[in-house]
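I set out to look up charged pairs, aromatic rings, the pocket and the surface of this model. My entries follow in the order of the search.

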Amino acid sequence: MATVSQERTKNLYFSAIGFIYDVKKGPFWEHSPMLYDISGVRAGWAKINKGMIKMYMAEVLSKFPVVQHLYFGSLFSWDEDPNAVPPPPTAHTS
């Protein structure tokens with residue numbers, strides 16, 4: 001814990017761990033398994049960086065965006081344009 005307090009202002013990883021310590025209770029490995037796993041990598045930050053980029057590509061960039069929990073009503077109305085050309089069919093709409 002002393003290392004986290006000392007390094008959290010200078011290091012993004014320790015900053016994340018410090019935030020977790022501030023807001024969560026219980027065993028660290030149980031509520032933050034990814035940060036815990038990163039702490040055990042002996043191959044260095046290059047391997048961690050490569051893995052995080054692969055995960056970001058898979059979990060964020062390759063997902064099809066979907067609008068959820070957006071309420072339509074008087075503030076946001078859903079008015080279809082009668083003159084709009086229908087979009088061409090895609091793999092997601094066929």
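I looked up Lys10 and found it exposed, because its relative accessibility is 63% (buried means under 20% relative accessible area, exposed over 50%, partly exposed in between, with a 1.4 Å probe and protein chains only). I noted that the model is predicted: local features need pLDDT of at least 70, side-chain atom pairs count only at pLDDT 80 or more, and totals for chains, interfaces and linings use all residues. Residues are numbered from 1 along each chain as its sequence is written, and side-chain values use heavy atoms, with hydrogens and water left out.

Lys10 forms a salt bridge with Glu7, and the closest N and O atoms are 4.0 Å apart; a salt bridge is a side-chain nitrogen of Lys or Arg within 4 Å of a carboxyl oxygen of Asp or Glu. Glu7 has 24% relative accessibility and so counts as partly exposed.

How many salt bridges does this rule give? The count comes to two. In the other entry I recorded, Arg8 pairs with Asp22, with 2.8 Å between the closest N and O atoms. This pair links distant parts of the chain, since Arg8 sits in the loop between α1 (2-7) and α2 while Asp22 is in helix α2, 14 residues apart. Helices here are DSSP runs (H or I, at least four residues), numbered from the N terminus. I listed Arg8 as partly exposed at 28%, and Asp22 likewise as partly exposed at 48%.

The rings of Tyr13 and Phe14 are edge-to-face, because their centres are 5.6 Å apart and their planes stand at 70 degrees. Rings of Phe, Tyr and Trp (its six-membered ring) pair if their centres lie within 6.5 Å; planes under 30 degrees apart count as stacked, over 60 as edge-to-face and the rest as tilted.

Is Tyr13 buried or exposed? Tyr13 counts as buried, at 13% relative accessibility, and Phe14 counts as partly exposed, at 21%. Tyr13 also pairs edge-to-face with Trp45, at 5.5 Å centre to centre and 65 degrees between the planes. Tyr13 lies in helix α2 (residues 12-23) and Trp45 in helix α5 (residues 45-61), so this pair ties together parts that are 32 residues apart in sequence. I read off a volume of about 200 Å³ for the largest pocket. On a 1 Å grid over the protein atoms alone, a pocket is an open set of points where a 1.4 Å probe fits, with protein on both sides within 12 Å along at least five of seven lines; lining residues have an atom within 4 Å of a point. The lining of the largest pocket includes Tyr13, Trp45, Leu35 and Met52. Helices α2, α4 (33-39) and α5 each supply at least two residues of this lining.

Note on methods:
Points joined across faces, edges and corners; volume = space filled by probe spheres on them.
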